[in-house]
Amino acid sequence: MSEAESLVAQLVATFPALNGRVTVQRAKRVWIDVDRQVFPEVFRHLAKDLGFEVFCMITGLDEGADLGLIYHLARNDGLMANVKTRCPKGESMETITSIFPGGGIYERELIDLLGAHIEGLPEGSRYPLPDNWPKDEHPLLKDWKPREKGAQDA
Amino acid sequence: MPDKKRTVRVPIGPQHPALKEPESFMVDLQGEKITSVALRLGYNHRGIEKGCEERTYMQDLYLVERVCGICSHSHATAFVQAVEEIAGLEIPRRAKYIRTLIAELERVHSHLLWLGVAGHEIGFDTLLMYSWRDRELVMDLFAELTGNRVNYAMNTLGGVRRDIAAEQFPHILKIVDALEERTKYYIELAMTEETLAQRLSGVGRLSKEDAVRLGAVGPTARASGADRDTRRDDPYAAYDELEFRVITDDRCDVFGRAVVRLGELMQSYSLIRQILKQMPEGPIAVKAPLKIPAGEAVSRYEAPRGEDVHYVRANGTDKPERVKVRAPTLANTQSIAKMLEDGYLADLPIVVAAIDPCFSCTDRTIAVRGGRDSKTMGWEELVQYGVRWYRERGVDPSRIKVRGDESA
């Protein structure tokens with residue numbers, strides 16, 4: 001059994017609800033689709049018990065009513081686990097900084113660019129937008145459009 | 001009597017204390033010692049990810065290449081690999097070798113650049129002059145091979161845009177020989193010149209545990225003993241057909257970071273020779289569709305500064321639904337505060353420079369709303385404002401002649 005296939009077997013054994021929701025894209029890429037409610041448990045298990053100690057990044061996606069979130073993790077042998085979950089806009093996700101202290105900057109990015117709500121994120125300056133950028137404007141949302149060049153403020 | 005425990009807060013930046021890019025440090029000091037550091041990033045956000053959603057894949061390739069001026073090939077390759085994976089394109093072997101050749105030349109130019117900057121930050125400007133002179137050899141080679149010294153635009157969807165002729169190989173090898181000799185000299189210098197070792201040893205310490213915990217990547221992680229390299233662990237392009245060693249060091253300080261980069265230069269020379277020796281014959285690209293079928297992929301790439309990660313989601317049109325870029329500096333900045341803690345303020349420039357930062361992130365035309373005296377200007381208006389501002393201070397810019405504009 002390949003590394004990726006054995007990861008699938010391990011995950012499904014621990015979380016039977018993941019049966020059919022873990023896919024192997026190629027030798028080094030595994031995608032895991034989890035519900036928001038079990039996400040913290042699955043994520044912690046991957047990071048702490050299955051050796052996924054390299055935290056790469058979080059991708060945020062505007063999927064209409066939901067924010068799609070993909071947490072990209074990797075293991076030292078190069079196997080990458082991409083954990084996908086969805087969070088209804090306006091509701092909040094738990095921070096991952098208790099597991100990966102360096103992950104806060106990616107969560108701040110989600111807050112600024114997609115209007116995500118993250119629970120338990122330590123105090124700190126925003127990233128990457130300027131301090132006086134309007135709080136309700138999130139440029140990576142699909143309905144956000146940049147203003148015309150030279151347009152004046154409303 | 002002065003209070004010895006008094007903490008002084010010093011703002012440093014957004015003008016960088018060492019490099020040419022903006023970010024800001026809020027440093028708490030007790031005497032000369034740093035007790036804590038808070039970082040603020042984002043001064044250079046240009047909205048490239050949003051821009052990618054509004055352009056075609058081919059246009060995005062050129063936009064993404066401009067995420068970073070130094071590792072432009074890295075970002076372009078990371079992006080194009082993700083798109084090719086979604087489209088199911090298998091690129092020719094020769095294209096893989098050419099991509100790898102440019103990648104390793106880019107590592108050479110980037111590491112030589114770093115060596116010079118590091119020398120400069122510790123007042124060793126002779127090293128800056130030497131290593132940047134040597135770096136010119138690679139830059140000129142890029143101009144010969146690709147037509148440009150930076151932003152080489154070698155990649156295209158499905159392969160590379162330019163072939164490299166066998167007649168060019170001897171010249172590449174000659175330059176690699178010259179650079180190898182120079183690098184050996186720098187390694188000898190690092191190992192025998194005591195002032196250099198003393199200045200860098202023990203500075204900017206980052207333990208292996210912290211490097212892993214905070215997500216450090218590239219030479220920064222490897223100099224803290226973390227044995228990771230995407231080229232070996234998750235091979236792409238032609239790396240699975242080439243022999244090389246992953247250089248690690250357990251000094252965990254700035255000196256270790258220098259040793260790792262110097263060692264990596266030697267590995268790059270060996271890789272370039274192997275590439276030229278094994279370069280397969282054949283086409284350099286396959287035809288790529290304009291519309292990419294719906295799907296998603298993540299691509300990893302070992303850039304000179306650490307791992308680039310690109311995520312692309314396609315929706316069946318000629319434009320991507322989402323492009324996400326993680327540059328290595330964002331990962332490494334998380335460790336800076338840790339490296340600076342308990343160090344001296346005077347070490348801040350070299351410690352920051354030692355992660356080889358590249359704060360290439362952010363904006364060009366953000367209109368800031370609210371705030372006193374805030375105003376949005378068009379380009380013409382901004383030019384007029386600039387002219388007026390200087391005139392009020394006794395400078396008349398209209399008398400300055402710009403070349404090519406003599407008629408004005």
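**Exercise 1. State whether B:Glu49 and B:Lys324 are buried or exposed, and describe how their side chains meet.**

Solution. Step 1: B:Glu49 is buried, and B:Lys324 is buried as well; buried means under 20% relative accessible area, exposed over 50%, and partly exposed in between (1.4 Å probe, protein chains only). Step 2: the two side chains form a salt bridge, with 3.6 Å from N to O. A salt bridge is a side-chain nitrogen of Lys or Arg within 4 Å of a carboxyl oxygen of Asp or Glu. Step 3: B:Glu49 belongs to helix H1 (residues 48-53) of chain B and B:Lys324 to strand E8 (residues 320-326) of chain B, so the pair ties together parts that are 275 residues apart in sequence. Helices (H or I, at least four residues) and strands (E, at least two) are DSSP runs, numbered from the N terminus.

The conventions are as follows. This is a predicted model, in which local features need pLDDT of at least 70 and side-chain atom pairs count only at pLDDT 80 or more, while totals for chains, interfaces and linings use all residues. Residues are numbered from 1 along each chain as its sequence is written, chains are lettered from A and ligands numbered from 1 in the order in which they are written, and side-chain values use heavy atoms, with hydrogens and water left out.

**Exercise 2. Describe the surroundings of B:Glu104.**

Solution. Step 1: B:Glu104 is located in helix H4 (residues 93-121) of chain B. Step 2: its relative accessibility is 0%, so B:Glu104 counts as buried. Step 3: apart from neighbours within four places in sequence, B:Glu104 is in contact (heavy atoms within 4.5 Å) with B:Arg231, B:Tyr239, B:Ser268, B:Leu271 and B:Ile272.

Step 1: consider one of these partners, B:Ser268. B:Ser268 is part of helix H11 (residues 254-278) of chain B, and its relative accessibility of 0% is why B:Ser268 counts as buried. The side chains of B:Ser268 and B:Glu104 are joined by a polar contact of 2.8 Å. A polar contact is a pair of N or O atoms within 3.5 Å; within protein, one must be able to donate a hydrogen and the other to accept it, and residues adjacent in sequence count only if both atoms are side-chain atoms. Not counting residues up to four places away in sequence, B:Ser268 touches B:Glu104, B:Arg107 and B:Val108.

Step 2: B:Glu104 also takes part in a network of salt bridges that links B:Glu104, B:Arg107, B:Arg222, B:Asp229, B:Arg231, B:Glu264 and B:Glu302.

**Exercise 3. Characterise the interface between chain B and chain A.**

Solution. Step 1: 41 residues of chain B are in contact with 53 residues of chain A. Step 2: about 4200 Å² is buried between the two chains, and carbon and sulfur atoms give 50% of this area. Buried area is the accessible area (1.4 Å probe) that two parts lose on being put together, summed over both. Step 3: between chain B and chain A there are nine salt bridges. The side chains of B:Glu296 and A:Lys84 meet in a salt bridge of 2.5 Å, N to O.

Step 1: the elements giving two or more residues to the side of chain B that touches chain A include H1, H8, E8 and helix H12 (328-340) of chain B.

**Exercise 4. Outline the secondary structure of chain A.**

Solution. Step 1: chain A has three helices and seven strands. Step 2: from the N terminus on, their order is α-β-β-α-β-β-β-β-α-β. Step 3: of the 154 residues of chain A, 53% count as buried.
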